Amino acid sequence: MNTALPNTEIILHILLSVGIIVIVAKYFGVFAKKIGIPQVAGMILAGLLLRFIPFFRNFGKTDPNIIYNETNQFISCMSEIGVILIMFSAGLGTNLKSLVKSGFKATLIATCGVFVPLIMGTIMAMFFFGSDGWGSQSFFKCVFIGTILTATSVSITVAVLKELGKIKSDLGQTIVSAAIIDDVIGIIVLTIVLGVSSGKGGYLGIILKTMAFFLFAIIAGFIVYRLFRWYDKRHPRSRRIPIYALGIALIFAFCAEHFFGIADITGAYIAGIVFCSLSDASYMESKIDINAYMIFSPIFFAGIGLKTDLSGMNWNLLWFSIAFVIVGCISKIIGCGGISKLLGFNWKESLQIGEGMMVRGEVALIVATKGLSANLVDSKYFTSVILLIIVSSTIVPVLLKKSFNSDNLPADKTFRS
């Protein structure tokens, strides 16, 4: 934080910058939803505008760059809490029973849906940037580009499947379950890539730390789950439950990063999975979402726009962005659709599964943000990630509706766009 300013001046700058970010981000998010693109894209655009519009950049007298200020640690901390809340909420929304019942097929589809984009994305990045060989920093930067492509955002797919009346079909359940498992595997891959690229402890050390963390998560998670289940039965829908759960999620996030060298978002996600089977899990999720929706998420997504550097835009970056989007979309169809055909689905069903797994969303942005912190990706490549999110979120509903159109099943009337 800018220590040259008096404390009162710092507080005033924080109040003004947070107020402007929240209002502008939410307005653009709502506008984006109305024109049919994800709200996160609108909030990111808001961050871009707040960075580059001269009026906002020159608002203060003592600090002419009041909105975009790389030394503003408070905004960075708020963004970090925002991403932790998002991942905690994602864990709370996990259906463990569906995850267990999905079994062998969904797990294989998810695994291929992670590793095919990882490999294809890495090869594509090597084509553009080259590599100094296995284990080099340039190699890990290419691997991280592939890691960004592993994430799947199933929310849009779920909405389309509900509209088409397919959400409860075997195919629909396979897509949803595979997407959930995809997120779990993707988080593990992110954890390993970040750990190995940092060079702390070598390959064996990172693997041992990762195993130790998940052992800790299982033991601590079981104890916490039993305590919360006991408390939940005696105080159902108590306001204290989501408060205590949030505290546990933050502690899990701290322990993951501090003691095991694992990304803090992994700890938060695991904490959400610990609580997802409680009877009040949906109540807890709704309370956590209020905090995320009102202030932390807008700051996080607008913060991505604030960090995005468009000054380096050139023909090479443009061609990379186009390749990034194409590989990102095709790799999911090849990975998920290809293994689906081998598992006994027909060609049409395999294509539908691949299309359903193609959407990218906030998880891809979270992964990219972690890469930026670890110096594995440059801020200018956020442009490519944002473009992938917008393109995949726009074309997947169209492709799925066209693909399922011949079935002529009644739509789920509870669906709302």
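## Words and ground rules

Angles under 35 degrees count as roughly parallel, over 145 as roughly antiparallel, 65 to 115 as roughly perpendicular and the rest as oblique. Helices are DSSP runs (H or I, at least four residues), numbered from the N terminus. Axes are lines fitted to C-alpha atoms, for helices over the stretch in contact, and angles run from 0 to 180 degrees between N-to-C directions.

The model is predicted, so local features need pLDDT of at least 70 and side-chain atom pairs count only at pLDDT 80 or more, while totals for chains, interfaces and linings use all residues. Residues are numbered from 1 along each chain as its sequence is written, and side-chain values use heavy atoms, with hydrogens and water left out.

Let us begin with helix α12, residues 281–307. Its end C-alpha atoms are only 34 Å apart, whereas a straight helix of 27 residues would span 39 Å (1.5 Å times one less than the number of residues). α12 has a kink of about 55 degrees centred on Y293; the bend is the angle between axes fitted to the seven residues ending at a residue and the seven starting there.

The axes of α12 and helix α15 (residues 362–373) come within 11 Å and cross at roughly 50 degrees. The two helices are therefore oblique to each other. F300, F301, I304 and K307 of α12 touch E362, L365, I366, T369 and L372 of α15, where contact means heavy atoms within 4.5 Å.

Helix α13 (residues 315–342) packs with helix α16 (residues 382–404) at an angle of about 40 degrees, their axes 9 Å apart. That makes α13 oblique to α16. In this contact, residues of α13 including L317, F320 and F324 meet residues of α16, among them V385, L388 and I395. The contact of α13 with α16 has 10 nonpolar, four polar and no charged residues (Ala, Val, Leu, Ile, Met, Phe, Trp, Tyr, Cys and Pro count as nonpolar, Asp, Glu, Lys and Arg as charged, and the others, Gly among them, as polar).

With helix α14 (residues 347–356), the axis of α13 comes within 8 Å and crosses at roughly 145 degrees. K332, I333 and K341 are among the α13 residues that meet α14, whose side includes W347 and E355. The contact of α13 with α14 has five nonpolar, four polar and three charged residues.
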